[in-house]
Structure formats: structure tokens, C-alpha cells
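User: Could you take me through the overall architecture of this model? I would like to begin with the domains.

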Amino acid sequence: MTNSATTPSELLTIAVEVARDAADTAYRMRAEGVVVAATKSTVTDVVTAADRAVERQILDALAALRPDDSVLGEEYGEGAAGATRSGVRWIVDPIDGTVNYLYGLPHSAVSLAAEVDGVVVAGVVRNVSTGEQWTATAGGGAWRDGVRLRCSGEVDLGQALVGTGFGYDASRRAHQAQVVAGLIAHVRDIRRLGAAALDLCLVAEGRLDAYFEKGLAAWDLAAGGLVAAEAGVRVAGLAGRPPGPDLVVAAPPALFAPLHDRLAALDAAGGP
């Protein structure tokens with residue numbers, strides 16, 4: 001593969017290859033036993049040795065295949081694989097759902113996206129435990145294992161199964177719990193599965209009707225957000241803002257407005 005490949009489909013081919021090998025490494029390291037290497041924002045926000053090893057593997061692979069690209073990774077930060085001479089930047093979450101991975105729960109994933117001139121154009125999310133894989137290219141649709149995806153057709157928020165997540169800071173969790181308490185009587189039910197990239201992919205194929213979360217970083221959102229959007233999901237923030245750390249709301253068009261308005265009333269983007 002040459003560094004001149006810049007079409008979404010070409011970038012996706014690279015992403016799929018790199019993510020598959022990385023997920024295999026994560027799976028093997030989980031079978032061998034998880035080692036907690038460090039903590040981040042709180043003592044419950046862990047980094048495993050596998051997080052670092054998998055990201056390093058991804059960086060090395062991208063550096064070999066695309067030396068003129070840059071990389072933003074959760075563990076090693078910005079620019080770890082070369083200068084941004086090509087206009088392409090890779091966004092890496094080596095293991096999304098690290099706590100699930102630590103406990104052996106089968107809901108963690110390698111997430112890898114490519115953006116060109118600041119716009120995400122290709123992404124892959126691969127479940128470490130099951131091997132399920134979701135892919136998308138800008139304008140090319142969203143797919144899981146060869147099946148074209150379309151989001152839920154649910155139109156009644158009261159019948160919607162809604163996913164969410166919580167931060168690691170105790171004060172933020174308290175605020176998020178208040179939001180959930182105010183929302184749960186207005187939806188079918190709420191799920192907290194613990195891996196944002198996978199949650200967005202589940203919305204893409206209708207296994208969740210909608211999803212929201214405060215505090216997502218670029219690596220949480222990039223690949224899964226593209227998969228969701230290409231499946232017909234509206235992915236945005238509150239009050240016309242783009243999705244980001246303040247809040248991500250992902251829902252089919254018919255559910256977006258009522259969920260958005262309920263979350264706005266509950267100050268879901270507020271708090272710590």
C-alpha cells in the first residue's frame with residue numbers, strides 16, 4: 001500500500017487490516033492475563049499494558065504504510081507517527097471499553113478512523129472478543145460483516161432503548177445519574193454497556209435506538225460516529241453544536257428532536 005492512497009475506500013482498506021491485527025493482539029493479551037499499567041483521570045480510569053501495546057502496534061503499522069500521515073491516539077497523543085504532510089490523520093482508540101476488557105466482559109473494541117483535511121472519511125470498529133466488525137466510508141454507507149446497516153425506524157421516544165455512558169470523575173457521575181433519573185421514565189429503558197464506539201455501532205444497526213454521552217474524546221467518536229451517520233443516524237451536540245466532549249446525541253431523525261429536547265431540559269451537557 002502506498003502513501004498516495006487517499007480515497008475513503010483505500011484508507012478503509014488500510015484501517016481494516018491494521019485494526020484486525022491490533023484486535024488479534026488485544027485478544028491474545030487478554031487471554032494471557034491483563035496487567036494494569038497506570039491510571040488516568042481517576043484511580044478507576046485504568047490503562048492496561050494491552051492499551052499501550054496495541055496502540056504502539058497500530059502506530060508502527062501506520063508509520064510503515066503511510067509515513068506522511070499523522071496520528072492522534074488515546075495513549076500516545078498527537079503526531080506519534082510522522083508529520084502531517086499528506087492531509088490525512090488517523091484517530092486511534094486501541095481498546096475502547098478498557099474496564100470491560102479488564103473484567104473480561106465481551107464489549108471492547110479497537111477503533112480506527114481516517115480523516116482528510118479534518119473530516120472523518122473512513123472508520124472501522126472491531127470487537128476484540130467476538131470479531132464483529134463495523135465499517136463505513138463517507139458517502140459509502142455503513143456495514144457490519146458485509147451487511148449494509150440502517151438505523152432503527154422507531155418514532156416514539158417512549159418506546160426507544162437508549163444507550164449512555166458515565167465518566168470516571170465522581171462529581172460528573174453524580175450529574176449524569178441525575179440526567180438518567182430524569183430520562184428513564186420517558187424511554188423504554190436505558191443501557192450502559194461501557195464502550196462508546198461499540199454503542200454508536202449498535203445504534204447504526206438498530207440494536208440500540210439511540211445513544212447519548214457527555215465527555216467523549218475524538219478517539220471515542222470518530223469511527224463509531226461515522227458508522228452511525230452513514231446508517232442514517234443524526235450525530236450532533238445540543239442546540240446546534242457539533243458532537244464532542246460537551247455531549248454527543250446519536251438518534252434516528254424521528255427520535256433526535258424529542259431526545260435532544262429532553263436532554264437539554266435535563267442539562268445533560270452541564271455539570272462537571
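**Domains and overall fold**

Analyst: The domain assignment, automatic or taken from a database, gives domain 1 (8–148) and domain 2 (157–266) in the protein chain. This is a predicted model, in which local features need pLDDT of at least 70 and side-chain atom pairs count only at pLDDT 80 or more, while totals for chains, interfaces and linings use all residues. Residues are numbered from 1 along each chain as its sequence is written, and side-chain values use heavy atoms, with hydrogens and water left out.

User: How many residues does the contact take from each domain?

Analyst: Domain 1 contributes 38 residues to the contact and domain 2 contributes 23 residues, where contact means heavy atoms within 4.5 Å.

User: And how far apart are the C-alpha centres of the two domains?

Analyst: They lie 21 Å apart.

User: What about secondary structure?

Analyst: The protein chain has seven helices and 15 strands, counted as DSSP runs (helices H or I, at least four residues; strands E, at least two).

User: Why is the chain called as compact as a globular protein of that length?

Analyst: Because its radius of gyration, 18 Å, is close to the 19 Å that the globule rule gives for 272 residues. The radius is taken over C-alpha atoms, and the rule is 2.2 Å times the number of residues to the power 0.38.

User: Changing topic, what share of the residues is buried?

Analyst: Buried residues (under 20% relative accessible area, 1.4 Å probe, protein chains only) make up 52% of the 272 residues.

Terms used: Buried < 20%, exposed > 50% of the residue type's maximum accessible area, 1.4 Å probe, protein only.
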